[in-house]
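Me: I have a model open and want to go through it piece by piece. Can you take me through the local features?

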Amino acid sequence: MITQNINKLHDMQYSWYNWRNNASTLTMVILSFVFACFTGLMAQVSIAVPWSPVLITFQTFAVLIAGTLLGGKYGSFSMILYTVLGIMGMPWFTNMNHGLSFIFAASGGYIIGFIIAAAFIGYVFDHYVNARKPLQTVILMLIANFICIYVPGLIGLYNAMLVKTGSALSIPELLFMGVVPFIVGDLIKIALASGISTSLLPKEE
């Protein structure tokens, strides 16, 4: 009975990979758009931080799941769609913002980081089976979140505040505005995304 259940779990985990790898380009583009829409929806789930122009949102969860399920190519493409369509006028950045100016505002760098993070997660999961194990998945998502997203995010925040105020932020000020308020929420999102990824991804070739 236990062996049968394990085999069913393996079949379920491989079914998504097999379907995705054999899906047409049009199907994957549509799925990428769906995940872009999901990211835009998660952007509206936001909490303001009194001392920071960057809002707490649920977008990073969508980014991590996009990379997990769509892979590096289409996971990053979904975030490119989210970025480009938002610049073109789709009101799905935080607080239903849109336009190129938002990319140069305080939160814009994080959006660029979404593309990098989805590409990174998807590529590693697709090419390294050991990365799909629980501990490795958590570590991978920590790297994607706190390096791939935060590095361009902090660069964008630093530049936006420099333009806005005319003075440069110190490193402690930058971290206090652009990292500290989001750590707890990010850890929760990483835990959720890691749990989903571990459940869905096959652990062997």
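**Working through the model**

Reply: Serine 78 lies in helix 3 (helices are DSSP runs of H or I with at least four residues, strands are E runs of at least two, and both are numbered from the N terminus). This is a predicted model, where local features need pLDDT of at least 70 and side-chain atom pairs count only at pLDDT 80 or more, while totals for chains, interfaces and linings use all residues. Residues are numbered from 1 along each chain as its sequence is written, and side-chain values use heavy atoms, with hydrogens and water left out.

Me: Is serine 78 buried or exposed?

Reply: Serine 78 is buried, because its relative accessible area is 0%. Buried means under 20% relative accessible area, exposed means over 50%, and partly exposed is in between, with a 1.4 Å probe and protein chains only.

Me: And what is serine 78 in contact with?

Reply: Ser32, Phe35, Ala36, Ala66 and Leu70, leaving aside neighbours within four places in sequence. Contact means heavy atoms within 4.5 Å.

Me: Now serine 197. Where does it lie, and what does it touch?

Reply: Serine 197 lies in helix 8. Not counting residues up to four places away in sequence, serine 197 touches Thr68, Phe125, Thr137 and Met141. Serine 197 is buried, with a relative accessible area of 0%.

Me: On to helix 6. How does the distance between its end C-alpha atoms fit its 32 residues?

Reply: The 32 residues of helix 6 should span 46 Å at 1.5 Å a residue, and the end C-alpha atoms are 44 Å apart, so the two agree. The expected span is 1.5 Å times one less than the number of residues.

Me: Where is the kink in helix 6?

Reply: At tyrosine 150, shortly before proline 152, and the kink is about 40 degrees. The bend at a residue is the angle between axes fitted to the seven residues ending there and the seven starting there.

Me: What comes just after helix 6?

Reply: Glycine 166, which takes a positive phi of about 80 degrees.

Me: Which residues other than glycine have a positive phi?

Reply: Asparagine 95 is one of them, with phi near 55 degrees, and methionine 96 has phi near 60 degrees. Most residues other than glycine have a negative phi.

Me: Where is asparagine 95, and is it buried or exposed?

Reply: Asparagine 95 sits in the loop between helix 3 (59-88) and helix 4 (100-103). Asparagine 95 counts as exposed because its relative accessibility is 52%. Methionine 96 is also in the loop between helix 3 and helix 4, and at 52% relative accessibility methionine 96 counts as exposed.

Me: Back to helix 6 for a moment. What does asparagine 145 touch?

Reply: Thr60, Tyr150, Asp186 and Ile190, not counting residues up to four places away in sequence. Asparagine 145 is found in helix 6 and counts as buried at 1% relative accessibility.

Me: How many salt bridges does the structure hold?

Reply: The structure holds 2, a salt bridge being a side-chain nitrogen of Lys or Arg within 4 Å of a carboxyl oxygen of Asp or Glu.

Me: What about lysine 189?

Reply: Lysine 189 forms a salt bridge with aspartate 186, and the closest N and O atoms are 3.1 Å apart. Both lie in helix 8, 3 residues apart, about one turn of the helix. Residues three or four places apart in an α-helix point the same way, because there are 3.6 residues a turn. Lysine 189 is buried, with a relative accessible area of 5%, and aspartate 186 counts as buried at 3%.
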